[in-house]
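Reader: Hi! I'm new to this one, could you walk me through it?

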Amino acid sequence: MAICPNRCWKTLFGLKQALAWALALLLAQAALAQGTLRVLTWPGYADADLVKVFEAKTGSKVEVTTIDSDDVMWQKLNKNKANDFDVFAVNTAELQRYVQAGLVVPVDTSNIPNTATQLPRFRDLKGINGLVHGDKVYGIPYTYSEMGLIYDKQQIRSAPTSIRALWEPRYRGKVLLYNGGSHNFSLASLALGNASPHQIGPAQWPLVVDHLISLRRNAQGFYAQPEESVEMFKNGHTALMFANYGSQQVQLLRAAGIDVGYAVPQDGTLAWLDCWAVTRGAKNTKLAEAWINYLLEAAPGNALLTRQGLANTTSESPYLRAQDRLLWLEPVENADRRASLWERILAGDRANKVLAP
Amino acid sequence: MKFGIALKLGLLLAGVSILASGLTGFYAYQASRSLLVQSAKTELLTTTQVLARRVTLSRNEMSRDLQVLTSNPAAMAVLSSPNTAQEDPLAALFESFMRANPTYFQIRLVSASDHGLERVRVDREGDRLIRVRGDDLQEKGHFSYVSGTLKLPPGATYLSRIVINHERGAHAGLEQPSVILAMPVSAADGTALGVVVVNVDLKNVFATLAADLPKDFQLFFANGKGDYLIHPDASQTFGFDKGRRVLVQDEFSATQELVEGKVQQAVVEANDGRYSSAPVLAAFVSQPVKVSSEEGNFVLGLALPLSNVLEQANKLGLVVLQLVLGLCLIGILIATVVARAVTRPINAMSVAVQNFALDHQQAAIPALKRHDEIGVLAHSFKQMQDSIHQQLEALQENREELAHMARHDVLTGLPNRRAFQERLEQALSRAQRSGEHFALFFIDVDNFKSINDRFGHPGGDAVLKIVALRLVATTRKVDAIARLGGDEFVVLLDNPTHREDVVHIAEKLLESVRSPILHRGVELQVGFSIGISMYPDDGRTAAELMARADRAMYAAKDAGRNGFRFFNGKTHPTSPTPL
């Protein structure tokens, strides 16, 4: 060794570096490979093939649970203080409930390098209501959609221009609605001309409940999942549908061979932006962040666009038009109250019974 | 340890018998096992089909109940008038049906008008039946069991999807797996004025249906897409309601085609996943829903622990095992006997051969009476033994003859010089020990050359023979006579008492041999000269004695032949020589 030339030392140093890198990589892999990632999400956000790729990459196992309403998601996460799941997809308005309840932990964006590929307006997290609390980021934007009106072109010749079309008696028994209390209250409030539909004042409740009951009386039925809405639309000869999942449902209906139109009424169309958040019960936050990072890659982003008909955050949406006036979801005045009242309305109670204490 | 043929042969035979019986047993067990499994599969499939028919029959019974209820005049009366007075008798009817059928959670009469307002409703709550009235009645027009049923012709049954009932206020049925059956209440013109709706407790229905199945049967029930509705592990049911679907085709991959509608039945042996420790045999049938419904098909399955099926096979296996073990034992026994039977004669023969080799005694050969290969071997061996024995005897005779020839004169048969030398040595040593005397006569035929010349060698030989005979005849048995060669004879006189005895014998000898010899009709007169030496007076060694007797003999010849002379005395001519 005493006569080892300079070059030899260099090689050795290079080897050492390579070894260190390899070791670091292995350790990172080992850290990720620990156990299972429990994902709570919406239909179409975590297709089996995409999950498999992630599992292969990290050596982990992913358990996907899908929900079809904000209320069910809240129940599931609240039930065991968010210990049953690691990462979940939630809209910006709902996220604030979870932050206040302490059910989520901040996300370390440096662990999600793919955020660099997002459009500038999605990287400006402070510019989006509800994502940042005291300098800490709680959600990474993933996908978004307006909740417009889907109509059967055979039955409705010209596109509806107002959400009030859902109440029109001529569509009685042919209106398909979403089974979600919070959104439906906002929808009714909006239809009543309320400028801030997310805040229903104490005096407004009877009016809004009445309006929801009359909406129910106009309904063919209530769906929960996008696929279910397609079946009900097809089998029940639906004329008009409130598209809670927006363009995702348009895509599915068209794929099912139904000639539908999609309207974004200008008197107020609600819209949501879903983000990924990490729960306080997350067993492996690194793995949860790796999951978020993976979903911002090209393949999952493309799957959102082409399979689900949903926008992603790395390219401009082909579905939204600049002139569309959207009302982004905001935290509601009392989500629990909306949920319990909605249960009664859905079960068929009449107004005095719905509002009974 | 040495492996003898017996052990090797025994092991081979035993091995073959064990292998043969083992293989037979194994294949018999395999065949009977697969037969049992096959028949169990058929039986299980039949049971499942019977159960599926019972599901349909049970649904038919419910349809008949609905027909009774919808055709009851009270139902029509309630729907045609806003008056609530008509409702009580109908409620009583509902209650009697619910008491009779514990699987009903709820029976309702729902109006087509008033947004599907419930008019008469009886709910089950624990053991009680609750009549729901007034403001508690709900509008159900937005549920497809109302809107869907209203579109049906009179008497047709609507069957809902099977779900967990989340309808608030459903009492006992709330959050329970239920299926809703409904039928329109139609006016005379066929228009539906309302519907009668029955909420059925799914668990209860299947508990009743499966009540008489044996305890270890496991029941599976899934909707047309494969979502479990009933499963031995309750956590696997209604996965779609919990956000994580659990499908029959994921657990039993053979049911994939069943769910896809390609086949109507499937029988599987499941031994992975939750069945890895306790494999099951399962039969699934696809049952179409024959009434108006959002559900297309149902998948019904029954599983039976494979161990139950194989219990019989295992019993049989035990019997087969016992048989195999018995056969093996018999095989080993036979192998031992056969091995011993084969090797015993071989061993006996080898003992005989060993004995023969040791002492050339002709031993009795075993197995000579056998007619098999061993018999042939024994005969061959016997022949070999006989032949060796004969050759040995011949050899012995030759040897004895040779030994005789080595010590005797061929012509006269008298001992030769060599034999006489030994005899002389013996006499010397005996005489030295006992102090006895003996005398040595050296006898030579006088003028033997002239006899040969005159009568040829045969003549000489004849003379010598006769001389030998006469010498033998004249001497005692104890005295030794030998021919030393040519015409020379010696006689050893053992222990003569006196010198006069020796003289007497010498004279007798001379007299005996001098008598005429008849040869080819010619009388020959042969003379002899005898030289005598005496022990111990004339010498103490054989050579001395021989040399002195020889010298005495020549002295006798010199003295005129045909006489005898002691070494230390004069020649005694006895008679004139005729030659």
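Reader: Okay, let's start with α11(A). What covers its buried residues?
Author: This is a predicted model, and in it the cover over the buried residues of α11(A) includes α2 (48-58), β7 (140-146), α9 (247-255) and α10 (285-295) of chain A.

Reader: And which residues of that helix are buried?
Author: Helix α11 of chain A covers residues 298-308, and A:Pro300, A:Gly301, A:Leu304 and A:Gln308 are buried there. Looking down the axis of α11(A), these buried residues fall within an arc of 110 degrees, so they line one face of the helix.

Reader: What follows α11(A)?
Author: A:Gly309 does, and its phi is positive, near 70 degrees.

Reader: Oh, tell me about α12(A). How many residues does it have?
Author: Helix α12 of chain A has 13 residues, 335-347, and reaches 18 Å from its first C-alpha to its last. That is close to the 18 Å expected at 1.5 Å a residue. Its buried residues are A:Arg338, A:Ala339, A:Leu341, A:Trp342, A:Arg344, A:Ile345, A:Leu346 and A:Ala347.

Reader: What do those pack against?
Author: The buried residues of α12(A) pack against α3 (70-79), α6 (181-191), α7 (205-217), β10 (219-223) and α13 (351-354), which belong to chain A.

Reader: Is A:Asp135 buried or exposed?
Author: A:Asp135 is exposed, because it has 7 other C-beta atoms within 10 Å, and the cut-off for exposed is 12 or fewer. A:Lys81 has 13 C-beta neighbours inside 10 Å, so it counts as partly exposed.

Reader: Switching to chain B: how many helices and strands are there?
Author: Chain B comes to 14 helices and 21 strands. Of its 579 residues, 35% are buried.

Reader: Where is the cis peptide bond?
Author: It joins B:Tyr535 and B:Pro536, with omega about 5 degrees. B:Pro536 lies in the loop between β19 (528-535) and α14 (542-558) of chain B.

Reader: How many residues of chain B are in contact with chain A?
Author: 15 residues of chain B are in contact with 18 residues of chain A. The side of chain B that touches chain A has 1 nonpolar, 8 polar and 6 charged residues.

Reader: Last one: what are the confidence scores?
Author: The model scores ipTM 0.83 and pTM 0.69. Chain A averages a pLDDT of 89, while pLDDT is below 50 over residues 1-5 of chain A. Chain B averages 87, but pLDDT stays under 50 over residues 574-579 of chain B.

Terms used:
Residues numbered from 1 in each chain as written. Chains lettered and ligands numbered in written order. Predicted model: local features only at pLDDT ≥ 70, side-chain atom pairs only at ≥ 80, totals over all residues. Contact = placed C-beta atoms within 7 Å. Nonpolar A, V, L, I, M, F, W, Y, C, P; charged D, E, K, R; others polar. pLDDT = per-residue confidence, 0-100. Helix = DSSP H or I, 4+ residues; strand = E, 2+ residues; numbered from the N terminus. Expected span 1.5 Å × (residues − 1). Buried ≥ 20, exposed ≤ 12 C-beta atoms within 10 Å, placed from the backbone. Arc of directions from axis to C-beta.
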